[in-house]
Amino acid sequence: MSSEIYRELILDYYRNPRNFGKVEPHDISARDSNPLCGDEIEIQVRVTPEKKIGEIKFTGKGCAISQASASMLTEFAKGKPLEWVKELSKEDIFKLLGTRDLGPARVKCALLSMKVLKTGTYSYLGAKLEDGQDS
Amino acid sequence: MKKDDLVVLTKMEHHSNIVPWQLVAQKTHAKVKYVDLDEDGILNMVEFERAMNDSPKLVAFTHCSNVLGTINDAAMLVRKARKAGATTLVDAAQSVPHMPVDVSQIGCDFLAFSGHKMLGPTGIGVLYGRKALLEDMEPFQGGGDMIKEVHLTGAKWNDVPYKFEAGTTNFADAVGLGVAIDYLSSVGMQKVRDHEVELLKYATEETEKVGGLTIYGPRDAARRGGVLSFNVEGIHPHDMASILDEEGVAIRSGHHCAQPLMERLDVTATNRASFYLYNSYDDVDALVGGLKKAKRMFEA
């Protein structure tokens, strides 16, 4: 872990989160929390007729890393096919954040939003999340 | 314990003094009640007295809160609980390592503390119990050494404490803990306590100068163990801990295994700086420097 993670970009997303809020009406809604730190993320999605992510927003509270990564993920995911969510990996999140040097204690903060998006999407698609697909 | 028996706890307990009683309550349908705190993190005595009127079977409380630092007047609480007919247990995990503690002065039935919080190894702790009670209790675990005789038809339990120490004793950790206790005793527990009070006073003054801090717990260092829990406006404790870590300052951030207390304080987490005999004024200065750096980073 180095304070490189607290680059201006991440702090900017933390202070001014993009896509913060609720989507009404929505097709997908999922929420999860990190029991260790109490970070919370809820993501809502409206799905287009082509089964793409139309509108996507998040709400939550927690540290700069969990909130910034959620905001970045919603921007990144907008317009992508739902099937794409299955392919999403932690490497994608590290790329968005611009670092993988998070340290074991903070990785969960960074990946919480991905877990939420996957949980919601899989449930919408009627598929089951397999071991390892959410982290 | 049986149906409708009452266990009285407080809202400042560590999960380790909540969850076991909830498990007991699930099994026996006993009830659990929590005594509230005042705004300064001190136990609300009006509520405590009221709970004593409900004839609790067991009263269990922390001697010193691991979050607020609040030092409870254990002898006074035990006196009131015993008068109400309750068995008493003191969680001394935060007091025994940091200050002189005398079970006969407190007068409790049980008192527990951990090895790893007092320079000792993990995986070992101490449970003190009044002998008469221990002799009345059944073993919680079966195995070697906890018996006097075993026959095909039954067994006769060994004497206290062997009755509760089934199997091969964890003697390696016991030796380690013994050495830690000898070391702390050679320093002197009152000296350890005095040192922490000095650091706590200094740290409270210096961190408050940084500005934007909310400090939780009693303001009077004499009523407080050597922990400083706080939040800084606009900076989540996990971010703060990561930034301080970079500065070589290790704090604990999170709910400190006291989620009901976090709910009571209406926060999800706090920062906590903890002091022990090896800490110095320089460490406090490093903490303050780190806090200022974090504020600069987040305010930019």
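Predicted model: local features only at pLDDT ≥ 70, side-chain atom pairs only at ≥ 80, totals over all residues.
Modeller: Residues are numbered from 1 along each chain as its sequence is written, chains are lettered from A and ligands numbered from 1 in the order in which they are written, and side-chain values use heavy atoms, with hydrogens and water left out.

Colleague: Why is I124(B) called buried?

Modeller: Buried means under 20% relative accessible area, exposed over 50%, and partly exposed in between (1.4 Å probe, protein chains only). The relative accessibility of I124(B) is 18%, so I124(B) counts as buried.

Colleague: What does I124(B) touch, leaving aside residues up to four places away in sequence?

Modeller: Contact means heavy atoms within 4.5 Å. On that basis I124(B) touches S114(B), G115(B), H116(B), N170(B), D173(B), A174(B) and L177(B). I124(B) and L177(B) are 53 residues apart in sequence, with 7.8 Å from C-alpha to C-alpha.

Colleague: Why does K295(B) count as buried?

Modeller: K295(B) has 15% relative accessibility, and therefore counts as buried.

Colleague: Which residues of helix α4 (residues 90–97) of chain A are buried, and how do you know that they line one face of the helix?

Modeller: I93(A), F94(A) and L97(A) are buried. Seen down the axis of α4(A), the buried residues fall within an arc of 100 degrees, so they line one face of the helix. The arc is that of the directions from the helix axis to the C-beta atoms. Helices are DSSP runs (H or I, at least four residues), numbered from the N terminus.

Methods
Helix = DSSP H or I, 4+ residues; strand = E, 2+ residues; numbered from the N terminus.
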